Amino acid sequence: MANDSPPSQRILLVTGLSGAGKSTALQVLEDLGWETIDNFPIRLLGGLVAGSDANTRLAIGFDSRTRGFVPQEIIALCKQFEARDDIELTTLFIDCTSAELERRYNETRRPHPMARGRTALDGIKAERELLDPLRRWSDTVIDTSDYAANQLQQVVRERFAENAEPGMSVTVSSFGFARGMPPLADLMFDMRFLDNPHWIEGLREQTGLDEAVGTHISADPAFDPAFEKITDLLLEVMPRYAAQGRSYLNIAFGCTGGRHRSVYSAERAAEVLREAGFSPTVIHRNLGSRPADPLERR
């Protein structure tokens, strides 16, 4: 017998720390066809949901500036929605480290909404404490500490596009240990055992995307046997992750500065995964970093 029940209305609640990227996420969702509302009064949420078209994908943004913002009351209200068969509710929390948020506010010279005449860091700490219950309760947390705006846009598209391919979403990234480890890596490979092109005249200004750098890295006697073992491991464990129902898998390759060895290794690994039938997204976190950074050592 056919199921005559109407489709569930999809509601995505988007919140997070001020300056972490909530507005960017909502803009991407709007581009993906979601109906978006920002800073919507929480007390009116029940009426909005009741009057919405069940076929509408609705993304509602709110944060500490929203009228009637009390995290515990929001969670209690959303639990009521989750108990209904006609609503599919998801919550997204956009997070970021306090140090990076402070840098962003200092760079833009905008006051933090909760600073109230104090420093930006004081406002960030107060807001983090206020939002902690929502962060712990949220279905999905995206940490933008090491993301450029385009990287956050890409992650949101991958996770919330209506026509996204089913199965496990795979991201292969490169990063520099000198600039901090990625917070979301599931599998991480340290490529600093390879000879560093940073110290080769003519290669320092280039990156792992350039042929000359790739030739130098692949000529290292340690590269081929190590890379073969890494890709064999990936091809062994990735189907097992997928079989366990894993939605996202983040694979990270690191080197010192994140411009040469890790970039080349990530690109090569992505090629192997594509040949195996996966469709990885590639992100190079530190590709634009200065090659002569004093932190960049062997």
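**Cores and cavities in a predicted model**

The lining of the second largest cavity divides into six nonpolar, three polar and two charged residues. The model is a predicted one. A search of the whole structure finds three cavities of 30 Å³ or more, and the largest nonpolar core has 40 residues.

**Second largest cavity**
- The space in the second largest cavity comes to about 90 Å³.
- Its lining includes Y147, E158, R159, N250 and I283.
- At least two lining residues come from each of α6, β6 and β8.

**Largest cavity**
- The largest cavity holds about 210 Å³ of space.
- It is lined by 17 residues, and Y147, S173, P182, L184 and N250 are the closest to its centre.
- β6 (169-176) and β8 (248-255) each give at least two residues to this lining, with β6 supplying the largest share, four residues.
- Nine nonpolar, five polar and three charged residues make up the lining of the largest cavity.

- In soluble globular proteins, nonpolar side chains tend to be buried together.
- Within the largest core, L12, L29, L134 and V156 have the most contacts.
- Elements that each supply at least two residues of this core include β1 (9-16), α1 (22-31), α5 (120-137) and α6 (149-160).
- Apart from neighbours within four places in sequence, L134 is in contact with T15, F62, F69, P71, I74, I75 and F93.
- A second, separate core has 22 residues, among them V172, F189, L194 and L273.

**Cysteines**
- C96 counts as buried because its relative accessibility is 1%, under the 20% cut-off.
- C255, at 2% relative accessibility, also counts as buried.
- The count of disulfides is zero.

Technical notes. Residues are numbered from 1 along each chain as its sequence is written. This is a predicted model: local features need pLDDT of at least 70, side-chain atom pairs count only at pLDDT 80 or more; totals for chains, interfaces and linings use all residues. Side-chain values use heavy atoms; hydrogens and water are left out. A nonpolar core is a set of buried Ala, Val, Leu, Ile, Met, Phe, Trp, Tyr and Cys residues joined through side-chain atoms within 4.5 Å. Buried means under 20% relative accessible area, exposed over 50%, partly exposed in between (1.4 Å probe, protein chains only). Contact means heavy atoms within 4.5 Å. A disulfide is a pair of cysteine sulfur atoms within 2.5 Å. On a 1 Å grid over the protein atoms alone, a cavity is a set of points where a 1.4 Å probe fits but cannot get out, and a pocket is an open set with protein on both sides within 12 Å along at least five of seven lines; lining residues have an atom within 4 Å of a point. Grid points are joined across faces, edges and corners, and a volume is the space filled by probe spheres set on the points. Ala, Val, Leu, Ile, Met, Phe, Trp, Tyr, Cys and Pro count as nonpolar, Asp, Glu, Lys and Arg as charged, and the others, Gly among them, as polar.
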